[in-house]
Amino acid sequence: MILIKTAIEIYHLTARFRAQGKKLGFVPTMGALHDGHMTLISNSLQQNGITICSIFVNPTQFNDPSDFEKYPISIEKDILLLERSGCNILFLPNVLEVYPTGVGSSAQYDLGQLETVLEGQFRPGHFQGVCQVVDRLLQIIQPNRIYLGQKDFQQCLVVQKMMEGHHPSIEMVTVATKRELNGLAMSSRNLRLSEASRQKAGAIFEALMYIKNNWGKKSVKALIDDAGKQIEQAGFDKIDYIAIVRKADLTAITQWEADTSTLVLVAAFIDGVRLIDNLSLS
Ligand code: AMP
């Protein structure tokens, strides 16, 4: 695996591979890699000649400074995992390489209501930060495909919208959520949970499955109330939201609709760690 730390080097290296007719798959991450990230890498390896992973803890997408400071870092282990996976290139830039004109001077994006609902409501500015970093990385790397996880479903819609305007020829591939045995969605933030809390945190997936199994049988309000109680009883401190929405635009659904693709999303805190997850209902 080739390790690259500067924008200029990755720009020229990827240009060389493109000139050789190789397809480039790109997996952006913030490191502390786990099997969820690895499924993105293996999807990219199957579909492209060259796979590039980036590790960059992007300061502009953290609305809570303490969340940024506590973000887990395990770069040596990450490099070993990537080496073993067959990933071809790791891009490991510092803040100046990504934001050469300064962190505060980045572009703003028109994301419509996608940036004010759900995660956007509870993490103001978060999706602008996500778009800034992904836009910049795509400009430098110019891949054919970008790989994102369904676990961050709203992020997929936001990046899709940004790419329609800024990178229309890049294809987005969304990869299914990888889970622990108890259903907990794998996440770098799980490293901050005690073993007991990790076990309890499986309640999010159980509540999502409860809603899926009863979808169309109970009212939307009753399903959300029941799921909320299940999550609280499992030991979660706070629920930011449980929402059932149309997949296409994240608008809320108030009653079951036969022919609409729907999704349930949750954000909740356990042990002071904020976890998110979602599940397709139809
Ligand atoms: P992060 O490092 O948390 O920013 O995540 C980098 C990418 O990995 C994002 O596209 C995430 O949606 C994706 N990802 C994170 N957790 C999982 C998971 N459990 N399964 C699949 N993809 C994931």
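The residues that line the largest cavity divide into five nonpolar, two polar and one charged; here Ala, Val, Leu, Ile, Met, Phe, Trp, Tyr, Cys and Pro count as nonpolar, Asp, Glu, Lys and Arg as charged, and the others, Gly among them, as polar. The model is predicted: local features need pLDDT of at least 70, side-chain atom pairs count only at pLDDT 80 or more, and totals for chains, interfaces and linings use all residues. Residues are numbered from 1 along each chain as its sequence is written, and side-chain values use heavy atoms, with hydrogens and water left out.

The lining consists of L184, A185, S187, N190, I204, L275, I276 and D277. A cavity is a set of points, on a 1 Å grid over the protein atoms alone, where a 1.4 Å probe fits but cannot get out, and lining residues have an atom within 4 Å of a point. Strand 9 (residues 273-280) supplies the largest share of this lining, three residues; strands (E, at least two residues) and helices (H or I, at least four) are DSSP runs, numbered from the N terminus.

Elsewhere, strand 5 (residues 145-149) and strand 6 (residues 171-175) run parallel and are joined by five bridges, strands being paired if DSSP finds at least two bridges between them. From strand 5 the chain passes through helix 8 (residues 153-166) to strand 6 in a right-handed β-α-β crossover: with the strands pointing away from the viewer, the path from the first strand over the helix to the second runs clockwise.

An automatic or database assignment sets the domain bounds, giving domain 1 (2-175) and domain 2 (188-277). Their C-alpha centres lie 26 Å apart.

Technical notes: 1 Å grid on protein atoms, 1.4 Å probe; cavity = no way out; pocket = protein on both sides within 12 Å on 5 of 7 lines; lining within 4 Å.
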